[in-house]
Each structure stands twice: as structure tokens, then as C-alpha cells.
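This briefing describes the fold of a single chain, from its strand pairing to its helix packing. Please consult the sequence and the model below alongside the text.

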Amino acid sequence: MKAHENEELGPGGSYPELQTQSHTGLGGNCGRWGLVGKCGTGHKFTRPLVCRREWCEICCQDGSDAHKRRKASWIEKVMSSESWLYLVFTVPPEVRSNYRTKESLGALGVAVKRLLQRVGYDRGLRRDHFFGDRSRVYHPHVNVMVPGEWMDAVTLARLKRSYATILGVEVERVNVRVSV
């Protein structure tokens, strides 16, 4: 057994420490104003400090500065196609402990990207998440948007089989959700 597999999770698979500690990475300063710099004439510029983490109580809010920054960074890419497919590759509970770091979940995201390229999607947008929407329940998954209007059942079945191989689980344990 790997060392990280025997870590105790709280009720519902959540991390109890997230209930009591600030995980903004900014020492509780998320949402406050920070000095960014000054121009050649001496005018000082400030900017709101944001961690951009989905589990941060400030940054996860719709309309927050972090939310606006995320949307702005994607808008040009999203406008490059008339329609998009939205896919969610969920990690089954029995292997979630393998994806507890940014590096491991990022590597899974890269594997998903390559998998999609093999079935004909040469471009798209990807976000890796440790938690569900506005939730503190540990639920790692990869969200992907690819240009298109629909996905046939044969391609979806191929994706699920390949994803199961990547995760090292039976195909029945894999959840790949597709929506338009």
C-alpha cells in the first residue's frame, strides 16, 4: 500500500482540514488589495490579490475577480468555434488517492488531451479540478471543451476504454460525461 493511500478522509470523502484552514496560498489575504508596482512618474498601482483556486471561498464566487480573469483568458479561444462539446473525465473513488497533487492530476489531464487527439480532436480547452462545483468534497476530474456538435457512441466507447486503461481500472468504473 502506498503511503498516501492510508490517509483518512472525513465524512463523504472530504478533507476535514479544509473546513478549518485557509488554503488560499495568500495567508488569508485573498481578495485584499496588494501593491503591484509603480509607473515612471511614481504613480502606484494596486490589484486585488487572488489565488484563483476553486476551493477558495472568495475566488470560487461567480463574478469574483478570479472568476473574471479565468473567463477572460479563455474568451478568444472559445469564440474560435461555433459549437463546443463539454466532456468531464471523472476519477473513480478507488484510484482518487493517486491524483492528490497538482502534478499527478496535470499528468492525467495531459493523458486525456493525447487521448482526445487520437480520436480526432486536435484542439480544445482543459481544466483539472480537485473538487466539484463549489464543494469541498474531494472529487478529482478533468473538464475538457472540444469543437463539435455531437459525439457518436463508438467514439465515446473508445474514449472510455482508453481512459480506463490510463487509470488502471475496469471500463465499467469509468465515467466520461459528454454534453453540448
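Tyr86 stands opposite Met145 in S5, a pairing within a predicted model in which local features need pLDDT of at least 70, side-chain atom pairs count only at pLDDT 80 or more, and totals for chains, interfaces and linings use all residues. Residues are numbered from 1 along each chain as its sequence is written, and side-chain values use heavy atoms, with hydrogens and water left out. The secondary structure comprises three helices and six strands, where helices (H or I, at least four residues) and strands (E, at least two) are DSSP runs numbered from the N terminus.

**Overall composition**

- Along the sequence, the elements follow the pattern β-β-α-β-α-β-β-α-β.
- Of the 180 residues in the chain, 36% count as buried; buried means under 20% relative accessible area, exposed means over 50%, and partly exposed lies in between (1.4 Å probe, protein chains only).
- Among contacts (heavy atoms within 4.5 Å) between residues at least 6 apart in sequence, 59% join residues at least 24 apart.

**The sheet**

- Four strands form an open, antiparallel sheet in the order S4-S5-S3-S6; two strands are taken to pair if DSSP finds at least two bridges between them.
- Strand S4 (125-131) and S6 are the edge strands, each pairing on one side only.
- Neighbouring strands of this sheet are turned by 15 degrees against each other on average, with direction ignored; axes are lines fitted to C-alpha atoms, for helices over the stretch in contact, and angles run from 0 to 180 degrees between N-to-C directions.
- Helix H2 (residues 102-118) packs on the sheet and touches strand S3 (84-90), S4 and S5. The direction of H2 makes about 145 degrees with that of S4.

**Strand pairs and their residues**

- S4 and strand S5 (residues 138-147) run antiparallel and are joined by six bridges. Within this pair, His129 has His141 of S5 as its bridge partner, and Phe131 stands opposite Tyr138 in S5.
- S3 and S5 pair in the antiparallel sense over seven bridges. Phe89 is placed opposite Val142 in S5.
- S3 and S6 also run antiparallel, joined by five bridges. The bridge partner of Phe89 in S6 is Val176.
- In a regular strand the side chains alternate between the two faces of the sheet.

**Burial in the strands**

- S3 is mostly covered, with six of its seven residues buried.
- S5 is likewise mostly covered, with eight of its 10 residues buried.
- His141 is located in strand S5 and counts as buried because its relative accessibility is 7%.
- A polar atom of the His141 side chain lies 2.7 Å from the backbone oxygen of His139. A polar contact is a pair of N or O atoms within 3.5 Å; within protein, one must be able to donate a hydrogen and the other to accept it, and residues adjacent in sequence count only if both atoms are side-chain atoms.

**Helix packing**

- Two packed helices are described by the angle between their axes and the distance between the axes.
- H2 and H3 pack at an angle of about 150 degrees, with their axes 11 Å apart. H2 is therefore roughly antiparallel to H3; angles under 35 degrees count as roughly parallel, over 145 as roughly antiparallel, 65 to 115 as roughly perpendicular and the rest as oblique.
- The crossing of H2 and H3 is right-handed; a crossing is left-handed if the near helix is turned anticlockwise from the far one by less than a right angle, and right-handed if clockwise.
- On the H2 side, the contact is made by Leu108, Ala111, Val112, Leu115, Leu116 and Arg118. The H3 side contributes Arg158, Leu159, Ser162, Tyr163, Ile166 and Leu167.

**Loop residues**

- Ser83 lies in the loop between helix H1 (65-78) and S3. Ser83 counts as buried because its relative accessible area is 19%.
- Not counting residues up to four places away in sequence, Ser83 touches Val146, Pro147, Gly148 and Glu149.
- Gly168 is placed in the loop between helix H3 (153-167) and strand S6 (175-179). Gly168 is classed as exposed because its relative accessible area is 63%.
- The C-alpha atoms of Gly168 and Val95 are separated by 8.4 Å, although these residues are 73 residues apart along the chain.
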